[in-house]
Amino acid sequence: MMTKKEFIDLFVEELEIENTVVKPETQLNELEAWDSMGHMIVIGLVSENFDLKITASDLKALQSVDDLINKIGAEKFESE
Amino acid sequence: MNQFSLSGKHVLITGASSGIGRQCAVSCSESGATVTLVARNTDRLKETESQLNGCRHFSVAQDLSELDAIEDVVKSTVKKNGKIDGFIHAAGIEGTEPITLLNAIKYKSYFDINVLAGLEFSRFLTKKKYCNTSYASLVFIASVMGTLGQPGKIAYSASKGALVNAVKSMALEFAGKNIRVNSISPGIVLTPMTENLFASLDADSKQAIINMHPLGIGTVTDVANACIFLLSDAAKWITGTNLIIDGGYSAK
């Protein structure tokens with residue numbers, strides 16, 4: 001189990017986001033790394049850490065980082 | 001500015017203590033690059049280092065079958081010599097064994113060095129924190145045996161063929177970062193590794209192999225020159241390809 005903050009840190013690390021401070025309200029489409037490679041990485045991250053299959057079309061429907069966390073399921077995160 | 005120069009570039013080379021890897025190190029340094037050498041044997045690394053042009057070079061003694069150590073090699077290389085612009089995976093093992101003598105453990109030893117070590121280096125050194133993206137170029141030394149066959153070469157061919165095709169997918173994954181990825185497939189060149197091979201053959205078989213190469217057996221410099229080209233900005237539109245350098249062997 002990881003906290004939401006740990007998940008966001010992992011998201012930033014794996015997508016190599018350098019110039020933006022990523023918060024729950026950050027809009028995914030504003031991130032340069034949020035392209036098809038970025039989607040592939042996040043699908044893998046979610047599968048490895050939450051044993052959950054999400055699809056690229058699931059991801060395209062999301063607006064914010066918080067939406068991604070809710071898609072995974074807020075209950076699957078440890079409380080901070 | 002000479003497009004074919006490696007001036008100002010930092011190139012990491014595996015298998016740099018002998019053969020093709022050693023010549024790549026020497027040739028890259030002569031083309032202006034700063035070189036980081038990685039190989040298992042400390043003494044032979046020192047010997048390579050003594051042949052390099054310039055002084056900012058750096059060696060890491062590491063057995064590449066210890067795949068878990070590779071991230072630390074990349075990390076310490078960047079700390080010491082700055083971000084990486086080029087990579088040559090010249091480390092490799094070769095052997096001539098028919099299938100009856102092969103087994104899963106032996107296949108794995110070919111794949112660990114020839115394929116997995118190269119892929120693990122690629123995983124880490126393409127990260128923005130380790131690599132000068134928009135200029136970087138990765139070169140994998142495969143073999144004509146990666147596309148052609150020969151009795152006794154099942155394990156070697158399988159590993160080199162894996163490399164040739166992994167390069168294509170890597171080229172596509174890294175294109176967004178402007179990192180180019182290519183392989184080079186040499187025919188037989190004279191190295192300590194091929195001297196071992198020749199030593200195991202009778203004179204007729206040896207001559208038969210030489211005769212398969214219309215331009216004769218190659219030299220390590222022939223291969224190193226092609227590496228320099230692929231690492232240089234002159235090759236900036238070349239990615240996902242396999243450059244065959246075999247004196248005409250595969251043209252037959």
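Trainee: Let me start with one residue. Is B:I20 buried or exposed, and why?
Mentor: Keep in mind that this is a predicted model. B:I20 counts as buried because it has 28 C-beta neighbours inside 10 Å, and the cut-off for buried is 20 or more.

Trainee: Which element is B:I20 in?
Mentor: B:I20 belongs to helix α1 of chain B, residues 19–30.

Trainee: And what does B:I20 touch, leaving out residues up to four places away in sequence?
Mentor: Its contacts are B:A90, B:I141, B:V189, B:T191, B:V220, B:V223 and B:A224. There is also B:P186, 166 residues away in sequence, with its C-alpha 9.8 Å from that of B:I20.

Trainee: Change of topic: the sheet. What is the strand order in chain B?
Mentor: The sheet is open, has seven strands and runs β3-β2-β1-β4-β5-β6-β7, with parallel pairing. At the edges are β3 (58–61) and β7 (242–245) of chain B, each of which pairs on one side only.

Trainee: How much are neighbouring strands of this sheet turned against each other?
Mentor: By 15° on average, with direction ignored.

Trainee: Through which helix does the chain cross from β2(B) to β3(B)?
Mentor: Through α2(B), in a β-α-β crossover that is right-handed. Helix α2 of chain B, residues 42–50, packs on the sheet and touches β2 (34–39) and β3 of chain B. The direction of α2 makes about 160° with that of β2(B).

Trainee: What about the contact between chain B and chain A, how many residues does each give?
Mentor: Four residues come from chain B and four from chain A. On the chain B side, three are charged, one is polar and none is nonpolar.

Trainee: Last thing, the scores. What are the ipTM and pTM of the model?
Mentor: The ipTM is 0.75 and the pTM is 0.91. For chain B the average pLDDT is 94, and 100% of the residues score at least 70.

Note on methods. Residues are numbered from 1 along each chain as its sequence is written. Chains are lettered from A and ligands numbered from 1 in the order in which they are written. This is a predicted model: local features need pLDDT of at least 70, side-chain atom pairs count only at pLDDT 80 or more; totals for chains, interfaces and linings use all residues. Two strands pair if DSSP finds at least two bridges between them. Helices (H or I, at least four residues) and strands (E, at least two) are DSSP runs, numbered from the N terminus. Axes are lines fitted to C-alpha atoms, for helices over the stretch in contact, and angles run from 0 to 180 degrees between N-to-C directions. Two residues are in contact if their C-beta atoms, placed from the backbone, lie within 7 Å. A crossover is right-handed if, with the strands pointing away from the viewer, the path from the first strand over the helix to the second runs clockwise. pLDDT is the predictor's confidence in each residue, from 0 to 100. Ala, Val, Leu, Ile, Met, Phe, Trp, Tyr, Cys and Pro count as nonpolar, Asp, Glu, Lys and Arg as charged, and the others, Gly among them, as polar. A residue is buried if 20 or more other C-beta atoms lie within 10 Å of its own, exposed if 12 or fewer, and partly exposed in between; C-beta atoms are placed from the backbone.
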